[in-house]
Amino acid sequence: MAIGLGHKSYIGFADESTWGTPVARTKFLELVTGGDGLAVKEEKILVQGVKDIGVRGDIEVQQGAVSVEGSLTFEVPYDGAEKFFKHAFGSVASSQPNAGTDPTVWQHIFTIVDALPTGMTIEVNRDVTAFVYEGCKVNNMEFSVGGPTELLRIVADILGEDVTTASATSPTFTSVNRFSAPQAVLLWNAVQLNVQQFSIKLDNKLDADRRFLGSRLRSEPLRSGKIEVTGSFVAEFDSTSQYTDFRNGTNRILKVTFTGPSIGVLTQKYTFLLECNVSQIMDYPVSVDDEGRITVEIQFRAFRDASNNELKLTLTNLTASPI
């Protein structure tokens with residue numbers, strides 16, 4: 001019997017038209033080391049009677065609630081992850097910046113809306129067999145770069161309805177590269193900071209406990225609380241500007257931009273832009289650790305106003321609409 005090998009594993013996914021009804025997977029991404037955390041749990045219902053000193057497995061145990069949940073981690077390619085972003089934010093508007101002269105270049109703007117899309121079918125091929133998770137929703141998504149020599153990474157926490165096993169779908173992977181730390185610039189209040197790492201997390205606050213009599217499966221998770229967008233970045237302590245913003249509770253614009261190579265005919269480039277247009281610093285723990293450079297891990301939270309929601313993603317690439 002052949003043993004399962006991780007280098008043969010990958011993620012496949014596609015939009016569902018009816019929540020919980022699986023569809024064929026059409027997009028594929030590579031997993032990263034330690035990036036496969038999606039699993040199924042099944043509770044057991046035990047008889048609570050006091051008769052006897054043991055529990056009979058044949059008549060006193062029944063199958064209970066099924067829970068599909070966990071995280072998937074992948075590095076962000078220039079093209080190919082758009083459906084994940086749509087299901088995390090809720091809405092996408094696509095256009096062509098220069099349709100006449102650059103007909104292959106598209107700009108996709110992902111924004112937060114009240115109701116998320118129907119759901120996804122997600123396949124995780126684990127070599128021996130593929131696991132097909134249906135009714136998947138993105139509960140939260142974290143964008144991060146852990147250091148100046150790392151790639152942009154996504155951790156997506158998933159809630160699903162159920163899972164089956166199947167033969168793996170033959171994948172077609174994107175042939176482009178990934179967004180990386182050397183391509184990134186972080187602006188706070190339009191000023192570029194010397195930043196070593198950053199993270200931004202969108203928490204959709206989905207209700208994982210929508211369960212009713214008559215089914216072992218959860219019902220479609222809906223939002224159960226206020227959306228939270230939080231994050232942090234590690235910057236050199238070279239002025240008191242951010243400290244002053246922290247003490248004054250000042251709203252500022254945070255932007256993180258990745259700029260990749262040129263695409264199309266004109267001067268368009270692969271870009272990945274995260275914008276928090278109403279951000280406040282929640283913690284500024286500056287201290288001296290040693291004789292070297294002083295750095296501070298600045299914690300922030302994004303809010304909304306009449307014109308902007310908490311987080312917006314603008315992606316320019318060669319993926320044609322519709323997503």
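These legends accompany a set of close-up views of one predicted chain.

The model is predicted, so local features need pLDDT of at least 70 and side-chain atom pairs count only at pLDDT 80 or more, while totals for chains, interfaces and linings use all residues. Residues are numbered from 1 along each chain as its sequence is written, and side-chain values use heavy atoms, with hydrogens and water left out.

**View 1**
Helices (H or I, at least four residues) and strands (E, at least two) are DSSP runs, numbered from the N terminus. The C-alpha trace spans about 70 × 50 × 45 Å along its principal axes. The chain has 323 residues, and 42% of them count as buried. Buried means under 20% relative accessible area, exposed over 50%, and partly exposed in between (1.4 Å probe, protein chains only). Among contacts with a separation of 6 or more, 72% join residues 24 or more positions apart. Contact means heavy atoms within 4.5 Å.

**View 1. The largest nonpolar core, with 62 residues.**
Such a core is a set of buried Ala, Val, Leu, Ile, Met, Phe, Trp, Tyr and Cys residues joined through side-chain atoms within 4.5 Å. Phe84, Phe85, Ile122 and Phe272 touch the most other members. Strand β8 (residues 130-145) gives the largest share of this core, 6 residues. In soluble globular proteins, nonpolar side chains tend to be buried together. Now centre on Ile122. Leaving out residues up to four places away in sequence, Ile122 touches Ile11, Gly12, Phe13, Leu38, Leu72, Phe84, Phe131, Val132, Tyr133, Cys136 and Ile158.

**View 2. Helix α1, residues 82-89.**
Because 8 of its 8 residues are buried, α1 is largely enclosed by the rest of the structure. The buried residues are Glu82, Lys83, Phe84, Phe85, Lys86, His87, Ala88 and Phe89. Gly90 follows α1, and its phi is positive, near 115 degrees.

**View 3. The largest pocket, with about 260 Å³ of space.**
On a 1 Å grid over the protein atoms alone, a pocket is an open set of points with protein on both sides within 12 Å along at least five of seven lines; a cavity is a set where a 1.4 Å probe fits but cannot get out, and lining residues have an atom within 4 Å of a point. Grid points are joined across faces, edges and corners, and a volume is the space filled by probe spheres set on the points. The pocket is lined by 14 residues, and the closest to its centre are Ala181, Ala184, Val195, Gln196 and Gln197. Strands β11 (184-188) and β13 (195-203) each supply at least two lining residues. The largest share, 4 residues, comes from β13. The lining divides into 10 nonpolar, 4 polar and no charged residues. Here Ala, Val, Leu, Ile, Met, Phe, Trp, Tyr, Cys and Pro count as nonpolar, Asp, Glu, Lys and Arg as charged, and the others, Gly among them, as polar.

**View 4. The largest cavity, with a volume of about 30 Å³.**
A search of the whole structure finds 1 cavity of 30 Å³ or more. Leu193, Asn194, Ala235, Glu236, Asp238 and Gln242 line the largest cavity. This lining holds 2 nonpolar, 2 polar and 2 charged residues.

**View 5. Ser232 in strand β14, residues 228-236.**
Ser232 is buried, at a relative accessible area of 11%. Neighbours within four places in sequence are set aside here. Beyond them, Ser232 is in contact with Gln197, Phe198, Ser199, Glu297, Ile298, Gln299 and Phe300.

**View 6. Asn189 and Lys205, in loops.**
Asn189 lies between β11 and β12 (191-192). Its phi is positive, about 55 degrees, although Asn189 is not a glycine. Asn189 is partly exposed, with a relative accessible area of 35%. Lys205 sits in the loop between β13 and β14. Lys205 has a positive phi of about 55 degrees and is not a glycine. At 26% relative accessibility, Lys205 counts as partly exposed.

**View 7. The cis peptide bond from Ser321 to Pro322.**
Omega for this bond is near 5 degrees. Pro322 lies in the segment after β18 (312-317).
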